[in-house]
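Hi,

Here is the structure I said I would pass on to you. Have a look at it first, and then read my notes below.

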Amino acid sequence: MDIIKTIGLKKVYGKGETAVCALQPTDLTILQGEFVAVVGTSGSGKSTLLHMLGGLDRPTHGQVLLEGQDIYTMREEKLAIVRRRKYGFIFQSFNLIPVLSAEENIVLPLLLDDKQIDHSHINGLLDFLGLTKRRKHVPSALSGGQQQRVSIARALANRPSIILADEPTGNLDNRTGKDVLDLLKMSIKKYNQTLLLVTHDTQVAAMADRVLYVEDGIVTDGRARACSDILS
Amino acid sequence: MQRYTLLIPRYLWAQKRRSLLTIVGLALAVALMVSTGLLITSLVDSQIQRARLHHGSYHVTLKNISPMQFGMAVNHVKTARVGKVTPFGMQRYEQGVALIAYSYDEHARALAHLSLDSGRFPKNVGEIAIEAWLLQELGLTQSLDQVIPLQLTTQSATPINDSFILVGVLTNTSTNRYTGYSRALVSETTIVHFLGVTAQDVDALIEISPHYAISPTVPQLQRDLQLFDDQVWENVMLLSALEGAKHMIPSYLFLGFLVIVTTVAAIYNVFHIAVVQRMEQFGLLRCIGAAPHHISRIVLGEAIILSLISIPVGLLLGVGGVYALVYGVGVLADKIINIVFPPWIIGVAAGISLVSIYLAAVRPAKVGQNVPPIQALRLEQGVLKEQQVNPRVWHKLLQWCFGFYGRFAYLNLMRQRKRFAVTVFSLSMGLALFVALGYVTLNANPALILENEFPAPFQLRAQSVSPLAGYEKQHLDTLQSFAGVTKVNAIQERGVKIQYPLSSVTAAYQDLVQQLFKRAISADPSTGLVSANAGLYGYSSEFLQQAEHLLIEGSINSERLFNGEEVLLVNFYTSRHGAVPVTTLGVGDYITLSIQLIGANEALSEQSRTFRIGGILKSNPQQPQLVSVGVGVVMDHAAFQQFTGSTLYKRVNVYTQADQDYEVVEAQLLTVSQSIHQGRLISYWEELAKLKQEQRQFTLLALSLIGVIVIISIASIVNTISTNLLLRTREFGTLRALGLSNQQLRCLISWEGLLYGLTSGFFGGLNGIGWSYVAYWFMIHEASYLSSWQVPWAIVLFAAGGGILLCYLATLLPLHQIRQQSIVNAIKAVE
Ligand SMILES: Nc1ncnc2c1ncn2[C@@H]1O[C@H](COP(=O)(O)OP(=O)(O)OP(=O)(O)O)[C@@H](O)[C@H]1O
Ligand SMILES: [Mg+2]
């Protein structure tokens with residue numbers, strides 16, 4: 001069953017002379033429970049794609065269907081609810097809230113939803129990410145890697161159906177990076193989640209069910225590419 | 001970009017709206033300071049000028065001095081101007097008024113500020129100038145060259161019986177009009193002609209040279225000219241008016257202080273925000289190699305550019321505003337004769353603003369220099385003192401009271417504690433000033449004060465001291481029946497003897513009597529009672545009930561006053577040095593009054609009665625012109641009639657409808673007033689009309705001051721709140737990406753505004769209450785009718801509510817902007 005489907009998704013930044021076409025018209029289908037890696041050179045449009053799939057940025061053309069529903073035709077209030085219930089977003093730059101402690105940052109999506117906090121789940125996350133001792137610290141007192149781990153925990157806190165991760169392991173050493181990936185993989189298996197992960201690491205990409213290549217705003221499906229490679 | 005300093009204009013230009021807000025805030029603050037300073041100096045100066053106009057510029061009068069002594073006075077080193085006044089003669093009229101003729105030389109005329117409504121001063125023999133009100137009371141026109149027959153009693157034995165030619169109409173003096181003694185002028189040649197002497201004794205009006213202090217100079221003059229005590233009369237009215245002007249200075253200083261504190265807070269706030277918001281940028285610049293001095297140069301450059309624009313604009317606005325208000329709109333035109341424009345005010349205002357700007361901008365920049373660059377980068381993220389957020393009780397309480405959003409907003413404000421504190425301080429100062437000014441406007445309106453001195457537009461007055469002269473009940477009925485008359489109330493008056501124990505006379509009063517009359521107060525040796533003259537006054541019950549605000553002690557019990565069981569006491573001797581209590585008598589003590597009654601066959605009999613004191617009053621109700629000299633006893637009409645047997649009224653106050661044509665009423669009242677022996681009509685309606693105008697102007701002035709304060713507060717709070725929010729665009733973007741709905745966003749941001757508002761409203765209200773009390777404390781000297789201080793709840797709540805609403809509204813603009821921005825742009829935004 002496909003969870004996300006895009007139809008002619010296109011993004012142009014700016015107007016006239018300075019217009020940049022960050023994403024060429026794209027038709028994509030992502031299945032439920034799939035682990036998709038997104039690779040491509042810097043500035044190729046990976047983040048742009050993720051933002052639009054995650055309901056963060058309006059496309060210039062085309063649609064994003066989440067479980068068959070076009071998210072950009074939703075009212076802003078509804079879209080906000082979708083964001084906090086369906087998605088978990090890990091940003092390239094962590095974007096933590098400076099006044100809240102690590103733990104509070106993690107439960108923020110639940111707080112926004114007035115949800116009961118599942119403390120064992122949160123404690124498990126903290127424990128696994130090695131943040132238990134740091135749970136009361138504010139982000140500015142954490143190292144870059146620790147901040148990244150907090151942002152990952154935040155994305156997993158509400159057990160979203162889709163995790164969108166923009167280079168989550170970029171700031172981590174190899175070992176921790178691997179641990180984080182394991183956590184993500186474990187999580188998607190356990191809760192039948194879908195994971196879209198931007199990475200420059202070919203090893204990481206190799207672990208994915210599928211790889212999307214992005215080049216100058218053109219998205220090519222890994223399978224299709226593999227086929228064409230074989231054909232050529 | 002060739003030079004790094006080009007960053008300054010670029011930045012200011014890029015942040016047009018914020019720069020404009022900063023300039024507006026600064027300029028208004030400067031304007032407020034300058035205009036308050038100008039108004040205060042002009043008011044003080046004009047008050048002194050006005051005192052001179054009313055009471056003359058001379059400090060002392062030397063009476064009945066010889067021509068030689070006069071010459072000595074003129075040549076005395078400590079005198080500036082000396083005017084010669086030569087007495088001529090006096091005529092009494094049957095209306096109860098009198099004309100006293102003098103000659104005034106040029107200096108005397110200037111020192112006494114005599115002026116003419118029409119015509120000229122007398123020059124030749126047989127010419128005379130008379131005050132306008134006297135002509136009116138005598139039923140004469142004001143036309144010049146008419147013949148005035150006079151029968152003058154003079155110092156020489158034979159009275160002068162001759163006709164004079166009216167050559168000038170003198171401007172009224174209100175005190176003369178009230179006492180009924182009118183001044184008339186003749187020429188010196190006239191006096192020589194009629195009295196035949198050239199070396200007559202004269203009075204000298206002396207203006208003491210400004211280089212010498214007044215109080216030691218007066219006895220010196222007395223010694224040098226060898227004068228007796230009763231020849232030396234200080235111009236107590238001028239001296240006390242000058243003292244009164246001095247009395248006002250602390251309240252003006254207080255107002256000035258409040259304005260300065262408020263403006264400094266506003267300037268500091270506006271500027272501090274402008275700098276702190278750029279800390280991150282400074283961190284960045286330093287990361288790429290900018291030295292500390294580069295940073296301070298940028299900050300300084302910015303401060304200079306903004307000051308160069310806003311301070312001159314503010315000075316122009318302030319000075320122009322005062323000129324426009326006073327000369328254009330006519331606000332305070334009666335109070336301010338000339339706008340005094342001392343250049344130091346400009347200097348002080350500019351200096352204070354520069355110092356505030358320095359403190360607000362350069363200091364934090366210095367601090368910023370000492371912070372390691374990387375930390376400066378993080379500064380904007382908020383340096384929380386504690387590295388850990390502990391779930392303290394306080395936080396739990398906040399969360400419990402205001403929920404997650406309230407607590408989150410609180411945390412956000414606390415990350416920039418200092419900025420929050422500065423903003424709250426600035427806004428609460430503005431609110432407190434608003435409360436204090438509002439309190440003063442409602443309670444200390446100068447027109448209100450004066451209105452208390454002029455109780456009614458008209459007063460009918462029986463001038464004769466005879467107990468058989470006065471208005472009767474039937475007169476009151478006639479007055480009441482006139483169209484346009486709303487209320488008539490009458491006052492009975494009678495001289496009596498009062499007896500009280502010598503032990504109850506205050507030491508202060510005994511000293512005063514010793515000093516003024518060179519005698520000690522003595523008592524009847526057998527009874528130990530002092531017997532003194534006192535005024536006995538009868539008021540209507542309804543009237544007495546309205547005199548509650550004059551009570552110092554005790555109560556006004558209508559029933560007991562009506563039955564004559566109790567009386568009220570006015571217990572002051574008023575001299576130039578203020579009011580001194582005569583006795584220590586209090587509520588529950590007894591006094592004995594005795595009165596001479598005229599029985600059948602004009603036989604005199606004395607009647608005495610003892611009364612219990614029910615209350616002590618500050619002054620006689622509604623007769624502020626009546627300066628209390630000694631004890632006054634206030635009774636109900638019924639008790640007065642029972643004790644004195646008299647049903648006659650000495651004074652009748654007549655109130656009219658506001659829109660009444662006063663001249664028509666005046667003509668009607670005149671016939672009634674003159675229907676008794678020595679009956680006079682005193683009209684105050686012209687003064688009252690002027691007062692009403694003054695009242696409107698005062699309100700206008702206060703409103704414009706309040707308006708400026710409100711604008712400053714708005715500029716400062718909008719600036720702060722929008723800066724604070726827009727700086728966190730990225731955070732709000734993240735929150736939205738995490739699924740914060742617009743509804744929740746509004747809630748979060750409103751909470752921040754509300755926290756600003758609640759804190760400022762609370763402190764502002766509290767401060768305002770305190771300041772209004774200080775204002776009351778200053779005003780009580782001037783406005784004796786103010787009863788007691790009460791918390792001005794209405795104004796406080798209005799100000800606090802306004803502050804909260806203002807802060808809430810200030811969030812709407814940035815809220816809109818934040819919502820408009822796409823989430824991705826917001827997340828990427830790095831200022
Ligand atoms: N707001 C914007 N305005 C104009 N151009 C933009 C904007 N945001 C992104 N772009 C452009 O769109 C293109 C794609 O950007 P995007 O952030 O998606 O790249 P990316 O693949 O994530 O790169 P990286 O691996 O460096 O993060 C880039 O060329 C970028 O310059
Ligand atoms: Mg990217």
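Let's start with a word you'll need throughout: a residue is buried if its relative accessible area is under 20%, exposed if over 50%, and partly exposed in between (1.4 Å probe, protein chains only). By that rule Q222(B) is buried, at 19%.

Some housekeeping: this is a predicted model, so local features need pLDDT of at least 70 and side-chain atom pairs count only at pLDDT 80 or more, while totals for chains, interfaces and linings use all residues. Residues are numbered from 1 along each chain as its sequence is written, chains are lettered from A and ligands numbered from 1 in the order in which they are written, and side-chain values use heavy atoms, with hydrogens and water left out.

**The two chains**

Chain A has 232 residues, and 56% of them count as buried. Its secondary structure is eight helices and 10 strands. Helices (H or I, at least four residues) and strands (E, at least two) are DSSP runs here, numbered from the N terminus. The accessible surface of chain A is about 10100 Å², with 50% from carbon and sulfur atoms; such areas come from the Shrake-Rupley method with a 1.4 Å probe, and for residues only the protein chains shown count as cover.

Chain B has 831 residues, of which 54% are buried. You'll find 27 helices and 21 strands in chain B.

How do contacts run along the sequence? Contact means heavy atoms within 4.5 Å. Take the contacts in chain B between residues at least 6 apart in sequence: 82% of these join residues at least 24 apart. For chain A, counted that way, the figure is 69%.

**Where the chains meet**

On the chain B side, 33 residues are in contact with 29 residues of chain A. Together the chains bury about 3000 Å², and carbon and sulfur atoms give 62% of this. (Buried area is the accessible area, with a 1.4 Å probe, that two parts lose on being put together, summed over both.) Four helices of chain B, α14 (393-414), α24 (729-737), α25 (742-779) and α27 (823-828), each supply at least two residues of the side that touches chain A. By class, that side of chain B has 14 nonpolar, 12 polar and seven charged residues. Ala, Val, Leu, Ile, Met, Phe, Trp, Tyr, Cys and Pro count as nonpolar, Asp, Glu, Lys and Arg as charged, and the others, Gly among them, as polar.

I827(B) sits in helix α27 of chain B and is buried, with a relative accessible area of 8%. Beyond its neighbours within four places in sequence, I827(B) is in contact with F91(A) and N95(A), and also with R730(B), G733(B), T734(B) and A737(B). I827(B) and T734(B) are 93 residues apart in sequence, but their C-alpha atoms are 6.2 Å apart in space.

**Salt bridges**

Over all chains, the count is 19 salt bridges. In one of them, E103(A) pairs with R135(A), with the closest N and O atoms 2.9 Å apart. E103(A) is in helix α3 (residues 102-112) and R135(A) in the loop between α4 (119-128) and α5 (144-157), so the pair ties together parts of chain A that are 32 residues apart in sequence. E103(A) is buried at 13%, whereas R135(A) is partly exposed at 21%.

In chain B, look for E188(B) and K84(B), whose side chains form a salt bridge at 3.3 Å, N to O. E188(B) belongs to helix α7 (residues 188-195) and K84(B) to strand β2 (residues 79-92), so this pair ties together parts 104 residues apart in sequence. Both count as partly exposed, E188(B) at 39% and K84(B) at 23%.

**Back to Q222(B)**

Q222(B) lies in helix α8 (residues 214-224) of chain B. Leaving aside neighbours within four places in sequence, Q222(B) is in contact with L227(B), F228(B), D229(B) and V232(B).

Cheers

How values were computed:
A salt bridge is a side-chain nitrogen of Lys or Arg within 4 Å of a carboxyl oxygen of Asp or Glu.
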